[in-house]
Amino acid sequence: MSGDDRGALLRRGRTHRTVRQEEAHLATAATDALTVEALPTPYDVEETVTRPLNEHEREHLAVCEQALHGFRRSVIVAGKALEVISRGRLYRETHRTFVEYLDDVWEIRKSQAYRMIEAWPVAAAVSPIGDVNEGQARELRPVFQTYGQEAAVALYRQVKELRGERRVTAADLAEARAVLPPPARLAGPHQVRDVLTVAVNEGRAPRLAPPAPQVPAQAAEEHQAQEAEDGSVTPNQVDEGAEAIATLDAALAQQRQIYDRLGGGVLAAALLYDPGRGDYLRRELRQYANRTAYRMRESAGDQDEAAAG
(Lines give C-alpha, C1' and ligand atoms only; values in the text may rest on other atoms or scores of the structure.)
Protein backbone atom coordinates (compact mmCIF):
# COMPACT_ATOMS: atom_id res chain seq x y z
CA MET A 1 0.00 0.00 0.00
CA SER A 2 1.41 3.40 -0.96
CA GLY A 3 1.83 6.25 1.50
CA ASP A 4 -1.00 8.21 -0.16
CA ASP A 5 -3.36 5.24 0.02
CA ARG A 6 -2.51 4.66 3.65
CA GLY A 7 -3.01 8.33 4.48
CA ALA A 8 -6.42 8.29 2.84
CA LEU A 9 -7.36 5.15 4.77
CA LEU A 10 -6.31 6.70 8.07
CA ARG A 11 -8.28 9.87 7.33
CA ARG A 12 -11.39 7.83 6.52
CA GLY A 13 -10.80 5.83 9.68
CA ARG A 14 -10.56 8.97 11.83
CA THR A 15 -13.74 10.40 10.32
CA HIS A 16 -15.53 7.11 10.77
CA ARG A 17 -14.30 6.85 14.36
CA THR A 18 -15.43 10.40 15.13
CA VAL A 19 -18.96 9.67 13.95
CA ARG A 20 -19.05 6.39 15.84
CA GLN A 21 -17.71 8.02 18.99
CA GLU A 22 -20.43 10.69 18.88
CA GLU A 23 -23.10 8.03 18.36
CA ALA A 24 -21.69 5.87 21.13
CA HIS A 25 -21.46 8.86 23.47
CA LEU A 26 -25.15 9.62 22.96
CA ALA A 27 -26.07 5.97 23.45
CA THR A 28 -23.98 5.74 26.61
CA ALA A 29 -25.50 8.91 28.01
CA ALA A 30 -28.99 7.50 27.51
CA THR A 31 -28.29 4.09 29.06
CA ASP A 32 -26.38 2.65 31.96
CA ALA A 33 -22.67 1.87 31.50
CA LEU A 34 -21.92 -1.49 29.94
CA THR A 35 -21.11 -4.32 32.33
CA VAL A 36 -18.02 -6.47 32.00
CA GLU A 37 -20.23 -9.48 31.19
CA ALA A 38 -21.53 -7.69 28.08
CA LEU A 39 -18.07 -7.65 26.53
CA PRO A 40 -16.66 -10.59 24.55
CA THR A 41 -13.97 -12.79 26.03
CA PRO A 42 -10.51 -11.63 24.85
CA TYR A 43 -9.14 -13.75 22.02
CA ASP A 44 -5.88 -13.71 20.04
CA VAL A 45 -5.50 -12.97 16.32
CA GLU A 46 -2.16 -13.57 14.63
CA GLU A 47 -0.07 -10.61 13.50
CA THR A 48 -0.08 -12.01 9.97
CA VAL A 49 -3.88 -11.67 9.61
CA THR A 50 -4.64 -8.75 7.26
CA ARG A 51 -8.19 -9.52 6.13
CA PRO A 52 -10.96 -7.00 6.91
CA LEU A 53 -12.99 -7.46 10.08
CA ASN A 54 -15.84 -9.91 9.83
CA GLU A 55 -19.34 -9.26 11.15
CA HIS A 56 -18.62 -10.60 14.63
CA GLU A 57 -15.38 -8.65 14.93
CA ARG A 58 -17.15 -5.43 13.92
CA GLU A 59 -19.74 -6.06 16.62
CA HIS A 60 -16.97 -6.70 19.13
CA LEU A 61 -15.18 -3.49 18.14
CA ALA A 62 -18.39 -1.47 18.40
CA VAL A 63 -19.29 -2.68 21.89
CA CYS A 64 -15.70 -2.30 23.12
CA GLU A 65 -15.44 1.24 21.82
CA GLN A 66 -18.76 2.08 23.41
CA ALA A 67 -17.40 0.76 26.71
CA LEU A 68 -14.28 2.88 26.37
CA HIS A 69 -16.30 6.09 26.41
CA GLY A 70 -16.84 5.47 30.10
CA PHE A 71 -13.34 4.19 30.90
CA ARG A 72 -12.81 6.80 33.60
CA ARG A 73 -15.79 5.35 35.44
CA SER A 74 -14.88 1.67 35.31
CA VAL A 75 -11.40 0.22 35.05
CA ILE A 76 -12.99 -3.25 34.80
CA VAL A 77 -15.04 -2.58 31.67
CA ALA A 78 -12.48 -0.37 29.94
CA GLY A 79 -9.57 -2.69 30.68
CA LYS A 80 -11.37 -5.71 29.26
CA ALA A 81 -12.48 -3.71 26.20
CA LEU A 82 -8.88 -2.68 25.52
CA GLU A 83 -7.68 -6.29 25.84
CA VAL A 84 -10.30 -7.51 23.36
CA ILE A 85 -9.30 -4.83 20.82
CA SER A 86 -5.58 -5.45 21.33
CA ARG A 87 -5.52 -9.25 21.23
CA GLY A 88 -8.12 -9.47 18.45
CA ARG A 89 -6.32 -6.74 16.46
CA LEU A 90 -9.71 -5.13 15.85
CA TYR A 91 -7.94 -1.88 14.97
CA ARG A 92 -6.26 -3.34 11.88
CA GLU A 93 -8.56 -1.84 9.24
CA THR A 94 -7.48 1.71 10.03
CA HIS A 95 -4.27 1.50 12.07
CA ARG A 96 -1.08 -0.48 11.78
CA THR A 97 -0.54 -0.94 15.51
CA PHE A 98 -2.48 -0.89 18.74
CA VAL A 99 -0.37 2.04 19.94
CA GLU A 100 -1.30 4.12 16.86
CA TYR A 101 -4.95 3.29 17.47
CA LEU A 102 -4.75 4.33 21.13
CA ASP A 103 -3.09 7.63 20.31
CA ASP A 104 -5.26 8.48 17.31
CA VAL A 105 -8.70 7.47 18.59
CA TRP A 106 -8.57 7.64 22.38
CA GLU A 107 -5.49 9.74 23.19
CA ILE A 108 -4.47 7.11 25.74
CA ARG A 109 -0.79 6.41 26.37
CA LYS A 110 0.41 2.86 25.82
CA SER A 111 1.52 2.54 29.45
CA GLN A 112 -1.91 3.59 30.74
CA ALA A 113 -3.72 1.19 28.42
CA TYR A 114 -1.62 -1.79 29.50
CA ARG A 115 -2.05 -0.86 33.17
CA MET A 116 -5.81 -0.97 32.62
CA ILE A 117 -5.55 -4.30 30.79
CA GLU A 118 -3.55 -5.75 33.68
CA ALA A 119 -5.88 -4.27 36.30
CA TRP A 120 -9.28 -5.37 35.07
CA PRO A 121 -9.17 -9.08 36.11
CA VAL A 122 -8.12 -8.02 39.63
CA ALA A 123 -10.80 -5.34 39.81
CA ALA A 124 -13.42 -7.80 38.58
CA ALA A 125 -12.42 -10.33 41.26
CA VAL A 126 -12.96 -7.89 44.14
CA SER A 127 -15.88 -5.95 42.63
CA PRO A 128 -18.52 -7.82 44.68
CA ILE A 129 -16.89 -6.31 47.78
CA GLY A 130 -16.42 -2.79 46.44
CA ASP A 131 -15.47 -0.84 43.34
CA VAL A 132 -11.73 -0.35 42.94
CA ASN A 133 -9.89 2.15 40.80
CA GLU A 134 -6.78 1.59 38.70
CA GLY A 135 -4.37 2.48 41.50
CA GLN A 136 -6.00 0.10 43.96
CA ALA A 137 -6.09 -2.69 41.40
CA ARG A 138 -2.39 -2.11 40.66
CA GLU A 139 -1.54 -2.68 44.34
CA LEU A 140 -3.66 -5.83 44.46
CA ARG A 141 -2.24 -7.32 41.27
CA PRO A 142 1.02 -8.67 42.83
CA VAL A 143 -1.09 -10.45 45.47
CA PHE A 144 -3.36 -11.77 42.70
CA GLN A 145 -0.35 -13.10 40.78
CA THR A 146 1.73 -14.43 43.69
CA TYR A 147 -0.87 -15.72 46.14
CA GLY A 148 -3.93 -16.22 43.92
CA GLN A 149 -7.32 -14.63 43.42
CA GLU A 150 -8.79 -15.80 46.72
CA ALA A 151 -5.92 -14.27 48.68
CA ALA A 152 -6.29 -10.95 46.83
CA VAL A 153 -10.01 -10.90 47.60
CA ALA A 154 -9.34 -11.81 51.25
CA LEU A 155 -6.77 -9.03 51.57
CA TYR A 156 -9.10 -6.40 50.12
CA ARG A 157 -11.99 -7.60 52.31
CA GLN A 158 -9.88 -7.43 55.49
CA VAL A 159 -8.45 -4.00 54.64
CA LYS A 160 -11.97 -2.73 54.00
CA GLU A 161 -13.08 -4.16 57.36
CA LEU A 162 -10.13 -2.64 59.22
CA ARG A 163 -10.68 0.76 57.63
CA GLY A 164 -14.32 0.77 58.70
CA GLU A 165 -16.04 3.89 57.45
CA ARG A 166 -12.76 5.30 56.15
CA ARG A 167 -12.14 5.01 52.39
CA VAL A 168 -9.77 2.27 51.26
CA THR A 169 -6.82 3.73 49.33
CA ALA A 170 -4.05 2.30 47.18
CA ALA A 171 -1.59 3.15 49.97
CA ASP A 172 -3.64 1.04 52.42
CA LEU A 173 -3.47 -1.94 50.08
CA ALA A 174 0.27 -1.44 49.51
CA GLU A 175 0.88 -1.50 53.25
CA ALA A 176 -1.24 -4.62 53.67
CA ARG A 177 0.58 -6.36 50.83
CA ALA A 178 3.97 -5.47 52.35
CA VAL A 179 3.26 -7.41 55.58
CA LEU A 180 2.26 -10.66 53.86
CA PRO A 181 4.73 -13.51 54.42
CA PRO A 182 6.32 -15.38 51.49
CA PRO A 183 3.83 -17.63 49.66
CA ALA A 184 5.40 -20.76 51.14
CA ARG A 185 4.64 -19.50 54.67
CA LEU A 186 1.02 -18.54 53.95
CA ALA A 187 -1.17 -21.53 54.73
CA GLY A 188 -3.96 -20.24 52.51
CA PRO A 189 -6.25 -17.27 51.81
CA HIS A 190 -7.94 -17.80 55.16
CA GLN A 191 -4.71 -16.81 56.92
CA VAL A 192 -4.61 -13.33 55.33
CA ARG A 193 -7.06 -11.98 57.89
CA ASP A 194 -4.92 -13.18 60.82
CA VAL A 195 -1.70 -11.86 59.25
CA LEU A 196 -3.12 -8.36 58.83
CA THR A 197 -4.67 -8.34 62.30
CA VAL A 198 -1.34 -9.28 63.90
CA ALA A 199 0.50 -6.67 61.81
CA VAL A 200 -1.90 -3.96 62.99
CA ASN A 201 -1.54 -5.01 66.63
CA GLU A 202 2.27 -5.00 66.35
CA GLY A 203 2.30 -1.56 64.73
CA ARG A 204 3.59 -2.79 61.35
CA ALA A 205 0.50 -1.55 59.50
CA PRO A 206 -0.29 1.85 61.02
CA ARG A 207 -2.54 2.93 58.15
CA LEU A 208 -4.90 0.06 58.89
CA ALA A 209 -5.08 0.67 62.62
CA PRO A 210 -8.35 2.06 63.98
CA PRO A 211 -8.29 5.82 64.62
CA ALA A 212 -7.19 6.83 68.09
CA PRO A 213 -10.10 7.69 70.40
CA GLN A 214 -10.80 11.38 70.64
CA VAL A 215 -9.84 12.88 73.99
CA PRO A 216 -12.29 15.51 75.26
CA ALA A 217 -10.89 18.98 74.67
CA GLN A 218 -10.86 19.94 78.36
CA ALA A 219 -9.08 16.74 79.39
CA ALA A 220 -6.52 17.18 76.61
CA GLU A 221 -5.83 20.76 77.70
CA GLU A 222 -5.45 19.72 81.34
CA HIS A 223 -3.08 16.89 80.33
CA GLN A 224 -0.94 19.24 78.24
CA ALA A 225 -0.91 21.85 81.02
CA GLN A 226 0.18 19.23 83.57
CA GLU A 227 3.01 18.09 81.30
CA ALA A 228 4.10 21.70 80.88
CA GLU A 229 4.13 22.21 84.67
CA ASP A 230 6.22 19.07 85.08
CA GLY A 231 8.76 20.61 82.74
CA SER A 232 8.44 17.86 80.13
CA VAL A 233 6.79 19.29 77.00
CA THR A 234 4.71 22.34 76.16
CA PRO A 235 1.26 22.18 74.47
CA ASN A 236 2.85 23.40 71.23
CA GLN A 237 5.42 20.62 71.39
CA VAL A 238 2.66 18.07 71.86
CA ASP A 239 0.89 19.30 68.72
CA GLU A 240 4.12 19.45 66.72
CA GLY A 241 5.14 15.99 67.88
CA ALA A 242 1.84 14.42 66.89
CA GLU A 243 2.05 16.05 63.47
CA ALA A 244 5.65 14.88 63.09
CA ILE A 245 4.71 11.27 63.86
CA ALA A 246 1.92 11.44 61.26
CA THR A 247 4.40 12.84 58.72
CA LEU A 248 6.89 10.04 59.37
CA ASP A 249 4.13 7.41 59.12
CA ALA A 250 3.08 8.76 55.74
CA ALA A 251 6.70 8.99 54.53
CA LEU A 252 7.36 5.38 55.58
CA ALA A 253 4.27 4.15 53.69
CA GLN A 254 5.41 6.03 50.59
CA GLN A 255 8.95 4.67 50.92
CA ARG A 256 7.61 1.12 51.07
CA GLN A 257 5.58 1.75 47.92
CA ILE A 258 8.62 3.15 46.12
CA TYR A 259 10.69 0.13 47.14
CA ASP A 260 8.03 -2.31 45.91
CA ARG A 261 7.42 -0.51 42.63
CA LEU A 262 11.09 -0.30 41.66
CA GLY A 263 11.44 -4.07 41.62
CA GLY A 264 10.64 -6.50 38.84
CA GLY A 265 12.90 -5.02 36.18
CA VAL A 266 11.31 -1.55 36.16
CA LEU A 267 14.63 0.24 35.83
CA ALA A 268 15.88 -2.04 33.05
CA ALA A 269 12.63 -1.57 31.10
CA ALA A 270 12.78 2.21 31.54
CA LEU A 271 16.40 2.39 30.34
CA LEU A 272 15.53 0.26 27.33
CA TYR A 273 12.49 2.36 26.42
CA ASP A 274 14.05 5.81 26.96
CA PRO A 275 17.72 5.62 28.05
CA GLY A 276 18.11 9.38 28.59
CA ARG A 277 14.98 9.89 30.64
CA GLY A 278 15.46 6.61 32.49
CA ASP A 279 19.01 7.51 33.52
CA TYR A 280 17.92 10.99 34.64
CA LEU A 281 15.12 9.56 36.81
CA ARG A 282 17.50 6.97 38.28
CA ARG A 283 19.98 9.70 39.26
CA GLU A 284 17.24 11.89 40.74
CA LEU A 285 15.83 9.01 42.80
CA ARG A 286 19.30 8.16 44.10
CA GLN A 287 20.01 11.81 44.91
CA TYR A 288 16.80 12.26 46.89
CA ALA A 289 17.39 8.98 48.70
CA ASN A 290 20.83 10.28 49.74
CA ARG A 291 19.33 13.63 50.77
CA THR A 292 16.72 11.87 52.88
CA ALA A 293 19.38 9.76 54.60
CA TYR A 294 21.50 12.88 55.25
CA ARG A 295 18.53 14.76 56.71
CA MET A 296 17.75 11.85 59.04
CA ARG A 297 21.38 11.72 60.23
CA GLU A 298 21.45 15.51 60.67
CA SER A 299 18.26 15.43 62.77
CA ALA A 300 19.64 12.64 64.93
CA GLY A 301 22.84 14.64 65.45
CA ASP A 302 20.86 17.68 66.62
CA GLN A 303 19.00 15.51 69.14
CA ASP A 304 22.29 14.12 70.48
CA GLU A 305 23.71 17.63 70.91
CA ALA A 306 20.56 18.78 72.69
CA ALA A 307 20.70 15.81 75.06
CA ALA A 308 24.40 16.43 75.79
CA GLY A 309 23.74 20.11 76.52
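**Loops, helices and the core**

Q: Where does Glu 107 lie?
A: Glu 107 is in the loop between H4 and helix H5 (110–126). Bear in mind that this is a predicted model.

Q: What about the phi of Glu 107?
A: Phi is near 55° there, a positive value in a residue other than glycine.

Q: Is Glu 107 buried or exposed?
A: Exposed, because its relative accessible area is 70%, and the cut-off for exposed is over 50%.

Q: OK, Arg 89 next. Where is the place of Arg 89?
A: Arg 89 sits in the loop between helix H3 (75–87) and H4. Arg 89 isn't a glycine, yet its phi is positive, about 50°.

Q: And is Arg 89 buried or exposed?
A: Arg 89 counts as buried, because its relative accessibility is 7% and the cut-off for buried is under 20%.

Q: Back to H4 then. Which residues of H4 are buried?
A: In H4, residues 98–106, the buried ones are Phe 98, Tyr 101, Leu 102, Val 105 and Trp 106. Looking down the axis of H4, those buried residues fall within an arc of 100°, so they line one face of the helix.

Q: What does the largest nonpolar core look like, and which residues have the most contacts inside it?
A: The largest nonpolar core has 57 residues. Leu 82, Ile 85, Phe 98, Tyr 101, Leu 155, Val 159 and Val 192 have the most contacts inside it.

Q: Which elements give two or more residues to this core?
A: Helix H2 (55–68), H3, H4, H5, H6, H7, helix H8 (170–178) and helix H9 (191–201). H5 gives the most, with nine residues.

Q: Why would nonpolar side chains be together like that?
A: In soluble globular proteins, nonpolar side chains tend to be buried together.

Q: Switching topic: at what angle do H6 and H7 pack?
A: At about 140°, with the axes of H6 (residues 134–147) and H7 (residues 149–163) 6 Å apart.

Q: Which residues make the contact?
A: From H6, Leu 140, Val 143, Phe 144 and Tyr 147; from H7, Gln 149, Ala 151, Ala 152, Leu 155 and Tyr 156. Eight residues of that contact are nonpolar, one is polar and none is charged.

Q: Last one: how many residues of H8 are buried?
A: Eight of the nine, so H8 is largely enclosed by the rest of the structure. Asp 172, Glu 175 and Arg 177 are among the buried residues of H8.

Technical notes. Residues numbered from 1 in each chain as written. Predicted model: local features only at pLDDT ≥ 70, side-chain atom pairs only at ≥ 80, totals over all residues. Heavy atoms only, no water. Buried < 20%, exposed > 50% of the residue type's maximum accessible area, 1.4 Å probe, protein only. Helix = DSSP H or I, 4+ residues; strand = E, 2+ residues; numbered from the N terminus. Arc of directions from axis to C-beta. Axes fitted to C-alpha atoms, helices over the stretch in contact; angles between N-to-C directions. Contact = heavy atoms within 4.5 Å. Nonpolar A, V, L, I, M, F, W, Y, C, P; charged D, E, K, R; others polar. Core = buried A, V, L, I, M, F, W, Y, C linked by side-chain atoms within 4.5 Å.
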